Amino acid sequence: MKLSLAAEEVATFYGKMLEHEYTTKEVFRHNFFRDWRKEMTAAERKVIKRLSKCDFTEIHRHFADRAAARRALPREEKQRLKEEAEKLQQEFGYCILDGHREKIGNFKTEPPGLFRGRGDHPKMGMLKRRVLPEDVTINCGRDSKVPEPPAGHQWKEVRSDRTVTWLAAWTENVQNATKYVMLNPSSKLKGERDWEKYEVARRLKGVVDEIRSRYRADWKSREMKARQRAVALYFIDKLALRAGNEKEEGESADTVGCCSLRVEHVQLHPEADGCPYVVEFDFLGKDSIRYYNKVPVEKPVYRNLQLFLENKDPGEELFDRLTTASLNKHLQDLMDGLTAKVFRTYNASITLQGQLRALTRAEDSIAAKLLSYNRANRAVAVLCNHQRAPPKTFEKSMQALRSKIEAKKQQVAEAKAELEKARAGHASREDGRSEARVSGSFLEKRRRRLEKLEEQLVRLGTQATDKEEGKQVALGTSKLNYLDPRISIAWCRRFGVPVEKIYNKTQREKFAWALDMAGEDFEF
């Protein structure tokens, strides 16, 4: 069936994703089909009534062939395309900020496509519309040359706002969220913001004991509001929960944070798994990622929760006297610049520092030290609930690694046998000096070869352990957003681990300020 231009374009978005897990999800399929029908002509709507009767395989094949053709391009052609992209980067990828040439993060708007979302997002599959110049607000200096809109178009607005750091903004249609063109993470401004964020978290270290003793005292307060605030703060501190911002009615997914927990999200157990006073959490957090945890709490916290749950329906709020705004105002009174988010940064960084101290041994090989680092990072990711689905290629790559290990074991066994044989030969030649010397150097070669192979085997084993332990934990989010980079850099310098093993080139540019500041004795 020949489709109209708009309907065909939207069909290609689905066709491209045919082998993706998303297209098996009912919510994704339902949202896509509803939005696709809106793009069809009346005649097309009459014919196309059910998604299950539509065959997208030819569209999928077309794009798969195009991708294969791109991969098979000769080196010269790939080089030409790379140079063209670099030209664009030079023209659009930089701005002048306070007289300095700074790199821009991403200077391209998102192309139209199907919204994916994270976790089980209720809007997955909806159509993301094309961003037009008429949607875009430009923010630049009063005296600067305003960028030209494409021919026949005009910008929504051109303003000169010195109080913000974005250069262009527009609202996307699926979640009604504002999207921005920002500076690159390696820019001076972003670096300063990063440094300030971690310095606030370091200041919290000095007052955290006082804050803890204050919220513990508030568990017995006569005022219900103070009790609720104290229990919520205990969870934010102990479990690194997000505060949870108030949302507009009916807005997107039903996600909650600590302050917006409902009765249905919490279950109390007088005893579970051999521990008294256990609280079971089960709710959808940011990005619709499920948070499930069973934690033993202190008796006063448990008693207070019983009180908060009394005579409430499942849909009612657990902390009905508390809002994120009132909690943050209280925190601001306790320490200048303190918000619930600072606790997350503080607890993540302090956990990493403590774990690195406990797990790293100076005599370990670099591979073993990196395993210790990733284990410390994993402890933080688990604390912050940074999950991921195991990668699709996980089993395949794990199998390849196991095969490598088996082959290496075989090589080690052969090298051992050769060494034994060489030892026996050397012992029988010890009377003739020159023969013994030759046989001695041959023996040394065999011994070195065995050592090298055994080292490689240990390295492969460490790699397999790391891969297996990390298959469902996302390390990147905490490493880039919650962990003071100076902790990692100081650890690298103290234990002789190259920083490149922890941070790639882009990340080293982002954390250039930390590389300059952190000596091996840095303490968070």
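**Helix faces, rings, charges and cores**

Modeller: On the other side of H9, Ala 325, Lys 329 and Asp 333 are exposed. Exposed means over 50% relative accessible area, buried under 20%, and partly exposed in between (1.4 Å probe, protein chains only). This is a predicted model, in which local features need pLDDT of at least 70 and side-chain atom pairs count only at pLDDT 80 or more, while totals for chains, interfaces and linings use all residues. Residues are numbered from 1 along each chain as its sequence is written, and side-chain values use heavy atoms, leaving out hydrogens and water.

Biologist: Which residues of helix H9 are buried?

Modeller: In helix H9 (residues 324-334), Thr 324, Leu 327, His 330, Leu 331 and Leu 334 are buried. Helices (H or I, at least four residues) and strands (E, at least two) are DSSP runs, numbered from the N terminus.

Biologist: What puts them on the same side of H9?

Modeller: They cover an arc of only 130 degrees around the axis, so they share one side of H9. The arc is that of the directions from the helix axis to the C-beta atoms. The buried residues of H9 pack against H6, H7 and helix H10 (340-359). Contact here means heavy atoms within 4.5 Å.

Biologist: Now the rings. Why is the pair of Tyr 14 and Phe 32 called stacked?

Modeller: The structure holds 24 aromatic pairs. Rings of Phe, Tyr and Trp (its six-membered ring) pair if their centres lie within 6.5 Å; planes under 30 degrees apart count as stacked, over 60 as edge-to-face and the rest as tilted. For Tyr 14 and Phe 32 the centres are 4.4 Å apart and the planes at 20 degrees, so the pair is stacked. The pair links distant parts of the chain: Tyr 14 is in helix H1 (residues 5-16), Phe 32 in helix H2 (residues 26-39), 18 residues apart.

Biologist: Are Tyr 14 and Phe 32 buried or exposed?

Modeller: Tyr 14 has a relative accessible area of 2%, so it is buried. Phe 32, at 0%, is therefore buried as well.

Biologist: What makes the pair of Trp 219 and Tyr 234 edge-to-face?

Modeller: Their ring centres lie 5.3 Å apart with the planes at 90 degrees, so the pair is edge-to-face. Trp 219 lies in the loop between helix H6 (188-218) and helix H7 (224-239), and Tyr 234 in helix H7, so the pair ties together parts that are 15 residues apart in sequence. Both Trp 219 and Tyr 234 are buried.

Biologist: Which charge lies over the face of Tyr 94?

Modeller: Arg 101, at 3.7 Å from the ring centre. Lys 16 lies over the face of Phe 63, at 4.7 Å from the ring centre. A charge sits over a ring if NZ of Lys or CZ of Arg is within 6 Å of the ring centre and within 35 degrees of the ring normal.

Biologist: How do you know that Arg 130 and Glu 9 meet in a salt bridge?

Modeller: A salt bridge is a side-chain nitrogen of Lys or Arg within 4 Å of a carboxyl oxygen of Asp or Glu. For Arg 130 and Glu 9 the N to O distance is 2.6 Å. Arg 130 lies in the loop between strand E4 (127-128) and strand E5 (137-139) and Glu 9 in helix H1, so the pair ties together parts that are 121 residues apart in sequence. Arg 130, at 45% relative accessibility, is therefore partly exposed. Glu 9 has 28%, so it too is partly exposed.

Biologist: What of Asp 35 and Lys 38?

Modeller: They meet in a salt bridge at 3.4 Å, N to O. Both lie in helix H2, three residues apart, about one turn of the helix. Asp 35 has a relative accessible area of 7%, so it is buried. Lys 38, at 55%, therefore counts as exposed.

Biologist: Last, which residues touch the most other members of the largest nonpolar core?

Modeller: Of its 73 residues, Leu 204, Phe 235, Phe 281, Phe 319 and Phe 343 do. H7 gives the most to this core, with eight residues. A nonpolar core is a set of buried Ala, Val, Leu, Ile, Met, Phe, Trp, Tyr and Cys residues joined through side-chain atoms within 4.5 Å. Apart from it lies another core, of 18 residues, among them Val 10, Met 17, Tyr 22 and Phe 28.
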